[in-house]
Amino acid sequence: MRVNIPTAPSLSSNDDTYRGIVDHYRPDLAFYESTYRNLHRNPELSQQEQSTSSLAADHLKAIGYSVHDHIGGYGLIGVLDNGNGPTILLRADMDALPVRENTGLEYASKKTMKDSNGREMPVMHACGHDVHVSCLMGAAKLLYAARSKWRGTLICLFQPAEELVSGAQAMVDDGLYTKFNIPKPDIVLGQHVFCIQKAGAVALSPGPVLAAVDGLKIRVFGKGGHGSMPSVCIDPIVIASHIVVRLQTIVSRELEPGKVGVITCGKFQAGTASNIIPNFADLELTIRSYDTKVQKQLLNAIKRIVRAECNASRSLQDPVIENIAHAPATVNSTNQTGVLSTSFSTYFRDNAYPMEPLPGSEDFSVLARAINVPSIFWMLGGCDPGKWEEAKRNGTIGEIPINHSAEFAPVIEPTLRTGVDALAVAALTFLG
C-alpha cells in the first residue's frame with residue numbers, strides 16, 4: 001500500500017530534533033573512514049563490483065537488515081521493516097573508472113582490471129563512489145540504531161554500473177520492485193560528492209539538477225590503401241575529422257539561445273600505421289541536455305551531419321550509428337525538495353546551499369521513474385574547506401580537480417560525516 005509522504009518534515013525541525021537524533025545515534029566514523037580508504041585503494045570497474053557489493057552486504061546483514069543481492073549484476077538492497085509508515089529508498093553507486101590515479105594519496109589505487117573488452121586497465125575511484133558507499137553504510141547503521149525514533153520501511157540500495165548509466169535499469173529489469181515482497185518506495189533519495197563545493201556543505205534545489213545523457217558510437221567507411229596514394233582512396237579519417245568539427249556548430253548555430261546542450265567526441269580511433277589509409281574510423285560521442293525537445297534536436301542534427309559528411313566525401317557505405325548509452329535528466333520533485341530543503345537548512349545551517357544545474361549525468365532517476373514516484377538528488381561537497389575558501393578568494397575554483405580527473409581527491413572529513421548525516425536527515429524527514 002502506498003503511503004503519502006510528508007508535506008512537512010516528519011519531525012520538528014525547530015528544536016534541533018534531527019541534530020539530537022543524529023548526534024546520539026551516529027556510529028563511530030573511524031570504521032567508515034577506514035572502509036573508505038580500503039574502497040579507494042581497491043576500486044572495481046562497472047559490472048565487476050563483486051568485492052564492494054560483498055562488503056556492503058556483509059555490513060547490512062551484521063547490522064540486522066534483510067539483504068537481497070545479485071540484482072542486475074552486483075546490485076543489492078538491504079531492507080529494514082520498522083512498522084507502518086512510508087517506504088524510503090536511499091541509493092549509493094559502487095563502480096569505479098578506467099583512470100590511472102595521480103593524487104599522491106597514501107591510499108591511492110594502483111589497481112588494474114580487465115575491462116569488458118579484455119584490456120588491462122588502471123582503475124580509480126575518480127567519481128567518489130567510494131564516498132557514496134561508505135556514507136550509506138554509515139547511515140544504515142545510524143538509522144538502524146535510531147529505529148525507535150521512526151516508523152516505516154527503509155531500503156538501502158547499492159547500485160552497480162552507474163558509469164555505464166545502465167545499472168539502475170538493470171536492477172529494475174531484474175525485479176528490484178517485484179521479486180522480494182517489499183513495499184515500493186514512496187520516494188527515492190540520493191547524493192553525489194563534488195569537489196567544486198567545500199566539504200561539510202550540501203547543495204539542493206528543485207527542478208533539473210543533472211542533464212540527460214545519450215551516448216553514440218559511429219563508424220564511417222572509406223576505401224583503404226597506401227598513404228602515398230590518397231587520390232585512389234577515400235580517407236575515413238578526413239571524413240570523421242570533418243564530422244567532429246561540424247558537430248560543434250550544432251549547439252552554437254542551431255540551438256535556440258538560452259537552451260543548454262553539450263556534444264563531446266571523447267573517442268576517435270582509426271588506422272594501424274602512418275602509411276596506411278584505413279577502411280573505417282570510429283567515433284564515440286556523449287550528448288547532454290536538460291529537456292527532451294533539445295535532446296531530440298541534438299540527436300537528429302548529429303545523425304544528419306554524419307550522413308551528409310559521408311555523402312559529401314563519396315563514402316561507399318552508409319555510416320553505422322549505434323546508441324550505446326541513455327539516462328534521463330535528473331529532476332528533483334518540487335514539493336518534496338522544498339520539504340527536504342527545510343530540513344537541510346535547519347540541520348546544516350550556513351552549509352546548506354542551492355544547487356546549480358550541472359551538465360553531468362546520472363541514472364539515479366531511473367529508480368524513481370520506473371514506479372512513478374518522486375525523487376531528490378543533492379550535492380555533497382568534497383573539497384578541503386581551507387583550500388576551497390582560498391580558491392574562492394582567488395577566483396580559482398575552476399582549477400580544483402573535478403570528477404573523472406586523475407587528481408580527484410575528496411577530503412575524508414568532514415565529507416563522510418556530512419554524507420552520513422545528510423542521508424540520515426533526509427530519511428528521517430520522510431519516514432513516519
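I take partly exposed to mean a relative accessible area between the buried limit, under 20%, and the exposed limit, over 50%. I am working on a predicted model.

**Entry 1: R349**

I looked up R349 against those limits. R349 has 48% relative accessibility, so I log R349 as partly exposed. I find R349 in the loop that runs from α8 (334-348) to β17 (352-353). I also checked R349 against A201. The two residues are 148 residues apart along the chain, and their C-alpha atoms are separated by 9.4 Å.

**Entry 2: the whole chain**

I counted secondary structure next. The protein chain has 11 helices and 18 strands. I then checked the overall dimensions. The radius of gyration is 23 Å; a compact globule of 432 residues would come near 22 Å, so the two agree. Along the principal axes, the C-alpha atoms fill a box of roughly 80 × 50 × 45 Å.

Of the 432 residues, 53% are buried. Among contacts with a separation of 6 or more, 83% join residues 24 or more positions apart. I noted an accessible surface of about 18800 Å², with 49% of it belonging to carbon and sulfur atoms.

**Entry 3: charges**

Side chains of opposite charge can pair when their charged atoms come close. I looked for such pairs and logged 13 salt bridges in the structure.

**Entry 4: R219 and D282**

I opened the R219 and D282 pair. Their side chains form a salt bridge at 2.7 Å, N to O. The pair links distant parts of the chain, with R219 in strand β10 (residues 212-221) and D282 in strand β14 (residues 280-289), 63 residues apart. R219 is partly exposed because its relative accessibility is 30%. D282 is at 13%, so D282 counts as buried.

**Entry 5: E284 and K267**

I stayed on strand β14 for this one. The side chains of E284 and K267 meet in a salt bridge of 3.5 Å, N to O. This pair also links distant parts of the chain: E284 sits in β14 and K267 in strand β12 (residues 261-270), 17 residues apart. I log E284 as partly exposed at 22%. K267 is partly exposed too, at 26%.

I checked R119 and D115. Their salt bridge has its closest N and O atoms 2.9 Å apart. R119 is partly exposed at 38% relative accessibility, whereas D115 is buried at 15%.

Last, I followed a linked set. D23, R26, R417 and D421 join in a network of salt bridges.

Definitions and conventions
Residues are numbered from 1 along each chain as its sequence is written. This is a predicted model: local features need pLDDT of at least 70, side-chain atom pairs count only at pLDDT 80 or more; totals for chains, interfaces and linings use all residues. Side-chain values use heavy atoms; hydrogens and water are left out. Helices (H or I, at least four residues) and strands (E, at least two) are DSSP runs, numbered from the N terminus. Buried means under 20% relative accessible area, exposed over 50%, partly exposed in between (1.4 Å probe, protein chains only). The radius of gyration is taken over C-alpha atoms; the globule rule is 2.2 Å times the number of residues to the power 0.38. Contact means heavy atoms within 4.5 Å. Accessible areas come from the Shrake-Rupley method with a 1.4 Å probe; for residues, only the protein chains shown count as cover. A salt bridge is a side-chain nitrogen of Lys or Arg within 4 Å of a carboxyl oxygen of Asp or Glu.
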